[in-house]
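Welcome! Please take a moment to look over the sequence and the 3D view before reading on.

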Amino acid sequence: MNPRLPYLQEKTACLTTEPGVYIMKNKQEKILYIGKAKNLRNRVTSYFRDHPDHTAKTAAMVSQVHDYDFIVTGSEYEALILECSLIKQHKPPYNILLKDDKGYHYIRISPPPFSRITAEVNTSAPGEYLGPYMSGFVAKQTAAEVNRLFQLPTCGKPFPSAFGKQRPCLNFHIGQCMGTCRGKISAAAYAETVCDAVRFIKNGGDKTITLLEERMTAAAERLDFEEAARLRDRISAIRRAGESQDIVDAIPEDTDCIAMAQSPKTSVISVMMYRGGRLCDQTSFYLTDNALTDCPLDEFIPQYYSGKSCKDLPRTILLEQLPEEAELLTDMLRKQAGHAVTLTVPQKGIRHRLLMRAKQNASEKLSIQSGRTGKELLELEELGRIMGLSHPPVRIEAYDISNLSSAAMVAGMVVFENGRPLKSAYRRFTIKEIQVQNDYAAMQEVIRRRLMEYKAAHAEGNTPDTEKNSFVVLPDLILLDGGKGHVSAVAPILQELQIHVPLFGMVKDDKHRTRAIAIYGGELSLRDKPGAFSLLTRIQDEVHRYAVQYMKAKHKQNSYALTLTEVKGIGEQKARKLLLTYKTRRQLKAATIEELAKTAAVSLATATALHARIAQLPDD
């Protein structure tokens with residue numbers, strides 16, 4: 001509880017209802033958070049109520065607020081512009097801060113002979129440097145394209161010392177390298193090719209083609225047809241590169257594609273910029289997890305475009321979903337650009353593919369930090385989005401009931417963490433409270449037992465040990481192998497125990513394949529959600545396998561126990577004790593009469609009869 005709350009409440013009661021910007025500060029006058037509001041009094045009051053429904057991040061910020069300032073503006077539009085400017089100036093810790101992956105990048109031409117062309121982030125190594133480039137993407141793409149067009153080597157072989165020592169690599173055989181390692185290209189010819197490549201970087205394709213055509217004509221006139229053919233091929237390659245490359249897409253206007261990938265601690269926003277029908281730049285922004293927003297893109301867009309010149313603003317911005325203040329943002333961008341700017345969410349076609357490319361790029365950047373593949377992150381995000389979760393689920397628990405009629409009734413629980421099985425957290429349950437087959441009642445018993453262990457571990461005076469008991473941690477999502485009937489049966493238990501964890505079912509078709517997600521009172525189709533479908537299918541298959549495996553083992557154990565009770569003097573408890581001591585029939589058969597007598601606490605005569613009955617059992 002913030003001790004300054006009464007003062008803050010009293011101050012806020014006198015605040016204006018006009019639009020403006022508010023600035024939260026701590027005791028040291030450090031700015032914690034900057035926000036805008038259509039109605040300053042209503043918005044600021046929401047922070048300082050006696051019993052607010054804050055998120056953990058907002059509560060942490062409010063607990064540090066010592067005072068706040070505010071600036072009244074003439075309109076909500078002016079408040080938006082001022083907010084962007086102040087955030088960029090002060091960089092408050094609880095606002096989204098646009099830390100991008102850019103720095104100064106260069107293209108290096110290493111010293112002769114046999115220079116290499118590479119993309120670099122500094123100029124410490126000797127050689128000639130072109131740049132600086134603000135975009136690492138542009139520098140890397142340019143170096144790769146030039147090396148491919150002019151067939152320059154990209155391997156790590158030292159020249160000329162490596163001449164003739166190894167066979168040419170694959171790049172030579174597919175026409176992407178001139179095969180310098182063969183030692184058949186002179187230093188002068190190689191240097192001339194490097195000069196052509198540098199000229200191409202500096203002047204572009206048209207001027208380079210003009211010069212190469214002049215040299216090709218001169219070579220033909222002096223009857224050097226081999227050189228003329230080489231130059232002809234290079235001209236053709238440059239022209240093809242200008243006409244159709246991987247980075248060229250037929251889009252009619254300047255377009256930015258903005259997509260986001262999220263993990264519990266980090267979000268990455270990727271911006272891919274298309275100008276003149278081709279991809280000209282790409283950058284990614286890493287957002288910290290303490291920002292007071294559940295919709296980072298709503299804050300990102302105005303900050304990202306604020307202050308950009310009109311020539312840097314596109315005519316179309318492709319998004320995964322429209323921001324809450326789309327109309328206000330569009331107005332801001334139109335005034336800044338001096339031309340129409342459209343925010344749109346493409347559903348199909350080339351624009352949708354471009355947006356998904358940006359989405360994939362963000363996921364791959366995020367996967368480097370999280371240790372997961374981009375595909376896994378996209379699956380988790382899609383699943384969370386379908387289920388309406390605020391964040392992709394990190395820990396998922398899935399349950400399945402398995403039995404043979406009313407015999408060997410068991411359940412399996414599997415755990416997926418960040419989209420992968422966490423087998424150390426798997427658990428098995430023997431159904432204890434019901435004697436006849438009832439999947440709903442069995443599932444209720446299992447979920448209740450699991451959650452009661454969590455409640456007991458967190459009871460007053462207890463210190464939960466997460467290393468020894470995985471039940472002391474609640475999952476982000478509970479999945480039941482079953483339809484809406486299972487969900488309806490289990491949901492009241494979560495309400496009764498006041499456990500707030502999203503609960504869904506995994507529905508199968510008549511061929512035992514995942515078909516849909518069951519919710520309380522209905523279903524969500526997975527027909528057009530391939531990522532979520534793939535992840536749920538893996539989870540459902542794994543929990544079913546695990547539960548059936550335990551059921552079979554339990555059934556076999558019960559069968560052994562029934563066989564042992566045929567011996568006079570051996571009851572269910574003694575048979576169970578024997579099976580717990582000797583895990584397999586091989587171990588049971590290897591036990592001596594004396595060992596059996598001691599384990600079961602029976603006479604030698606009974607142990608002798610038991611030994612004879614065990615010998616009749618078939619081998620494993």
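Predicted model: local features only at pLDDT ≥ 70, side-chain atom pairs only at ≥ 80, totals over all residues.

The sections below visit a strand, a pair of helices and a few backbone details.

Strand E3 (residues 67–72) runs antiparallel to E1 and is joined to it by six bridges. Within that pairing, Ile23 has Asp69 of E3 as its bridge partner. E1 and E2 make up a hairpin with five residues between them. In that turn, look for Glu29, whose phi is positive at about 70°.

Next, find helix H4 (residues 76–90) and helix H10 (residues 296–305), which pack at an angle of about 80° with their axes 9 Å apart. Angles of 65 to 115 degrees count as roughly perpendicular, so H4 is described that way relative to H10.

Which residues of H4 and H10 make the contact? H4 supplies Leu80, Cys84, Ile87 and Lys88, while H10 supplies Pro302, Gln303 and Tyr304. Sorted by class, this contact of H4 with H10 has five nonpolar residues, one polar and one charged.

## Backbone details in the loops

Most peptide bonds are trans, and most residues other than glycine have a negative phi. With that in mind, here are some spots to look at.

The peptide bond from Pro112 to Pro113 is cis, with omega near -5°. Pro113 sits in the loop between strands E5 (105–109) and E6 (117–120). Another cis bond leads from Phe159 to Pro160, where omega is near 5°. Pro160 belongs to the loop between helices H5 (136–149) and H6 (170–173).

The loop between H5 and H6 also holds Gln151, a residue other than glycine with a positive phi, near 55°. Its relative accessibility is 31%, so Gln151 counts as partly exposed. Ala601 has a positive phi as well, near 60°, and lies in the loop between helix H19 (593–600) and helix H20 (604–615). Is Ala601 buried or exposed? Its relative accessibility is 57%, so Ala601 counts as exposed.

Conventions:
Residues numbered from 1 in each chain as written. Heavy atoms only, no water. Pairing = 2+ DSSP bridges. Helix = DSSP H or I, 4+ residues; strand = E, 2+ residues; numbered from the N terminus. Axes fitted to C-alpha atoms, helices over the stretch in contact; angles between N-to-C directions. Parallel < 35°, antiparallel > 145°, perpendicular 65-115°, else oblique. Contact = heavy atoms within 4.5 Å. Nonpolar A, V, L, I, M, F, W, Y, C, P; charged D, E, K, R; others polar. Buried < 20%, exposed > 50% of the residue type's maximum accessible area, 1.4 Å probe, protein only.
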